[in-house]
Amino acid sequence: QVQLVESGGGLVQPGGSLRLSCAASGFTFSSAAMSWYRQAPGKERELVATITSATRSTIYADSVKGRFTISRDNGKNTVYLQMNSLKPEDTGVYYCKASYGVHPRYDTWGQGTPVTVSA
């Protein structure tokens with residue numbers, strides 16, 4: 001029912017760019033906060049960026065601030081992560097997460113899309 005499908009990952013050289021997409025269905029997308037996480041090999045999953053619902057307020061991990069941009073298109077039920085000036089340490093599987101509902105609040109994760117930054 002609730003589903004998140006990431007796409008856009010791949011292999012890119014350092015300094016390059018990628019745009020990840022996360023297509024959502026099964027819930028009211030416009031009311032959900034959306035986030036991107038990543039998990040590098042052998043590391044814990046970490047928050048990359050979040051965008052809220054109504055105000056479209058954004059937060060970023062310090063490691064990506066100024067290089068990555070999260071955005072959303074409520075008409076397409078899609079959240080994006082524009083990744084510029086990529087570094088090898090950006091390598092990992094990138095996951096989309098939706099946070100929705102009130103009391104309780106639910107989290108749903110996508111399956112992930114791999115990103116490899118390497119020369």
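**Entry 1: a bridge, then its sheet**

I started at T69 and looked up its bridge partner in β8, which is Q82. Strands here are DSSP runs of E with at least two residues, numbered from the N terminus. The model is predicted, so I noted that local features need pLDDT of at least 70, that side-chain atom pairs count only at pLDDT 80 or more, and that totals for chains, interfaces and linings use all residues. Residues are numbered from 1 along each chain as its sequence is written, and side-chain values use heavy atoms, with hydrogens and water left out.

Next I checked how β7 and β8 run: they pair in the antiparallel sense over six bridges. Two strands pair if DSSP finds at least two bridges between them. A reminder to myself: strands of a sheet pair through backbone hydrogen bonds, either parallel or antiparallel.

**Entry 2: the hairpin**

I moved on to β9 and β10 (residues 106–109), which pair in the antiparallel sense over four bridges. In β10, T108 is the bridge partner of A98. The two strands form a hairpin with five residues between them, and G101 in the turn has a positive phi of about 90 degrees.

I also found a salt bridge between D107 and K97, with the closest N and O atoms 3.9 Å apart. The cut-off is a side-chain nitrogen of Lys or Arg within 4 Å of a carboxyl oxygen of Asp or Glu. D107 sits in β10 and K97 in β9, so this pair ties together parts that are 10 residues apart in sequence. D107 is partly exposed at 45% relative accessible area, while K97 is buried at 10%. For these words I used under 20% relative accessible area for buried, over 50% for exposed and partly exposed in between (1.4 Å probe, protein chains only).

**Entry 3: the other salt bridges**

How many salt bridges does the structure hold? I counted five. In one of them R38 meets D90, with the closest N and O atoms 2.8 Å apart. This pair links distant parts of the chain, with R38 in β4 and D90 in the loop between β8 and β9, 52 residues apart. R38 and D90 are both buried.

D90 also has a salt bridge to R67, at 2.8 Å from N to O. R67 is in the loop between β6 (58–60) and β7, 23 residues from D90. R67 is buried too. Through shared partners, salt bridges join R38, E46, R67 and D90 into one network.

**Entry 4: the disulfide**

I looked for disulfides, meaning cysteine sulfur atoms within 2.5 Å of each other, and the count came to one. It joins C22 to C96, S to S 2.1 Å. The cysteines are in β3 and β9, 74 residues apart. The torsion about the S-S bond is about -85 degrees, so the disulfide is left-handed.

**Entry 5: the core**

Which residues touch the most other members of the largest nonpolar core? Of its 28 residues, they are F27, M34, W36, V79, L81 and Y94. Such a core is a set of buried Ala, Val, Leu, Ile, Met, Phe, Trp, Tyr and Cys residues joined through side-chain atoms within 4.5 Å. Among the strands that each supply at least two residues of this core are β3 (18–25), β4 (33–39) and β9 (92–100).

Not counting residues up to four places away in sequence, V79 touches several residues, including L20, C22, M34, W36 and C96; contact means heavy atoms within 4.5 Å.

**Entry 6: two single residues**

A24 lies in β3. It counts as buried, at 11% relative accessibility. Leaving aside neighbours within four places in sequence, A24 is in contact with Q3, L4, F29 and N77. A24 and K97 are 73 residues apart in sequence and 9.6 Å apart in space, C-alpha to C-alpha.

Q111 is in the loop between β10 and β11. At 47% relative accessibility, Q111 counts as partly exposed. Beyond residues up to four places away in sequence, Q111 touches L4, V5, E6 and Y95.
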